[in-house]
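Visitor: Could you please guide me through this structure, one point at a time?

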Amino acid sequence: MSVPENLKYTKDHEWALISADLVTVGITDYAVKELGDIVYVELPSVGNTAIKGNPIGTIEAVKTVADIYSPVSGEIVEVNQALTDQAELINQDPYGAGWIAKIKLSNAAETAELLNPVNYQKLIGQ
Amino acid sequence: MHYIPNTSVIEKDLLNAIGVERFEDLLTDIPEDYIKNCRIVLPEPLSELEVWQKLHSLAAKNSAAETMISFLGGGSYDHFIPAAIDFLINRSEFYTAYTPYQPEVSQGTLQAIYEYQSLVCQLLDMDVANASLYDGATALAEAAIMSINATKRNKVLVSPFINANFLKVLQTYLLAREIKIEFLGENNGRTDFGQLSAKLDNSVAALLVQSPNFLGNIEELNGIAARLHANQSLLVISVNPISAAILKTPGELGADIAVSEGQSLGIHQFFGGPYLGILATTRSLIRNLPGRIVGQTVDVDGKRGYVLVLQTREQHIRREKATSNICTNQGLMALAATIYLSLLGKNGLKQVAELCLNNAHYLAGKIESLKHYSLPYQSVPFFNEFVVETPIPAREIINAGLSEHFLVGVDLGEFRPDWGQRLLIAVTEKRTRQEIDDFIKFLIKF
């Protein structure tokens, strides 16, 4: 199970790539393997406010639905429109082409509460 | 007949196993007064013949539409129902079929629902329909909830001339959700859309409107969809399904969600139900649809088969975030509508609609010429239903009609106190010229 070194993680299996005040969000390789084939993603709307720990969208797999919880608070500034027609990008490349949204941080201190790769690996039992 | 098939021997064994002597010993925790009051005093049993006679004498007190000349409408209409419909839906393969819990085993039921959905889409000119809902009122309420979920807004604008009973159901459904209902004004028996632009802000999820409306009047809906869409709001139209054969369809009017009471499509009026809730929408809102959807696919051998699709919208997967907490449908009534539409076909349905229209306009013209009656919305187009102002309270004319086999119409005074001298009259294809002329002779007496 891939857990890239350059990312931060939530206990709900989202990843966050932090670059100054811009945070790119997706779901982890572990989450993808648990969900199976992803068929649809309900994306947040650009301009909406994300609150840390609250849902910003949903992911539909063949037989289940999971919420996407925001790892940080801030404003949604971009969403991955490619997922509208190609939800499977998340299965194929969860840390790259399968990114979900970009959030402009409103409280930088929150990023310190995210898990580092070592702790996330412990969480998923590896 | 015993409904609990235990013999006295089995009962004794059961009581012994529990360690009590008599059944009553199990009730000792309940105060004696309550038990005494629970005793049901039933009359002595009757023979089959006696039961038959008793039930028939009770049933004979009803004034069924079949024995009356009905001008009743207001959401339920006395249309002709071809005998084939009752024969087919009473076949045991269909009659016992609830929306099945192991649906794919019941390919016949699923195919019937699939055909129903396809017919609804053609009739209303929409992309996708669900497997049906309880009735037109709940379909309207589900459409309101759909629009709230799809737009993530919290207010619906509502026409004041949606069926008054539908509005009660809508208010009940929305009561426990944080959804605001704001009514538009009225103008000569129709919705006043003059106020629409002023009311459109970023909290408005949708406009709910019915056409022909509760008073029978056809709403002016051209251009309404565009005004709503410019505000990212949705248009929900409730229609009479028969009228859709000749009037502009919800699809043509740019509706995002179309709902309808399907009773007119081959379903008896009964005593107000079971009816049929029709709901259809556009492709972009498919994931917000409530209820079940049947799709067509192929099995491993390439043979055609029917399955439930997009189930991730539903409760058993999405739990409290499901698009609706109703997961059943009106399978049998949807089948009746499917058979009705198949039997009539496109042209047959159009003929029914034209007959309704012509009969209603013939009667309206006759009433207009009566000295003591008038049509308050004379200048407004209508389909098969219209309002008449009466010389005496409408209730008195309705009561007088019963003894002459007329179901005169709906007393609008039940809905607004100042409408006590207003009748809502509906005319279907069943009414003959003779019946209508006789009805005029009856009305002229007041």
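The questions and answers below concern strands, domains and a chain contact.

Guide: This is a predicted model, in which local features need pLDDT of at least 70, side-chain atom pairs count only at pLDDT 80 or more, and totals for chains, interfaces and linings use all residues. Residues are numbered from 1 along each chain as its sequence is written, while chains are lettered from A and ligands numbered from 1 in the order in which they are written.

Visitor: Why is strand E8 of chain B largely enclosed by the rest of the structure?

Guide: Helices (H or I, at least four residues) and strands (E, at least two) are DSSP runs, numbered from the N terminus. A residue is buried if 20 or more other C-beta atoms, placed from the backbone, lie within 10 Å of its own; it is exposed if 12 or fewer do, and partly exposed in between. Leu234(B), Val236(B) and Ser238(B) cover one side of E8(B), and Leu235(B), Ile237(B) and Val239(B) the other. E8(B), residues 234–239, is largely enclosed because the number of its six residues that are buried is six.

Visitor: Which residue of E8(B) is the bridge partner of Val209(B)?

Guide: Two strands pair if DSSP finds at least two bridges between them. Strand E7 of chain B (residues 204–210) runs parallel to E8(B), and five bridges join them. The partner of Val209(B) in E8(B) is Ile237(B).

Visitor: Through which helix does the chain cross from E7(B) to E8(B)?

Guide: A crossover is right-handed if, with the strands pointing away from the viewer, the path from the first strand over the helix to the second runs clockwise. The β-α-β crossover from E7(B) to E8(B) is right-handed, and its helix, residues 224–229 of chain B, is H10.

Visitor: Which residue of E9(B) stands opposite Val236(B)?

Guide: Strand E9 of chain B covers residues 257–261 and runs parallel to E8(B), with four bridges between them. Opposite Val236(B) stands Ile257(B).

Visitor: Which residue of E7(B) is the bridge partner of Val158(B)?

Guide: Val158(B) belongs to strand E3 of chain B, residues 155–158, and is buried. E3(B) and E7(B) run parallel, joined by four bridges. The partner of Val158(B) in E7(B) is Leu208(B).

Visitor: How far apart do the C-alpha centres of domain 1 and domain 2 of chain B lie?

Guide: Domain bounds come from an automatic or database domain assignment. In chain B, domain 1 spans 8–42 and domain 2 spans 65–79 + 346–443. Their C-alpha centres are separated by 58 Å.

Visitor: How many residues of chain B are in contact with chain A?

Guide: Two residues are in contact if their C-beta atoms, placed from the backbone, lie within 7 Å. Chain A contributes five residues, and the number from chain B is four.
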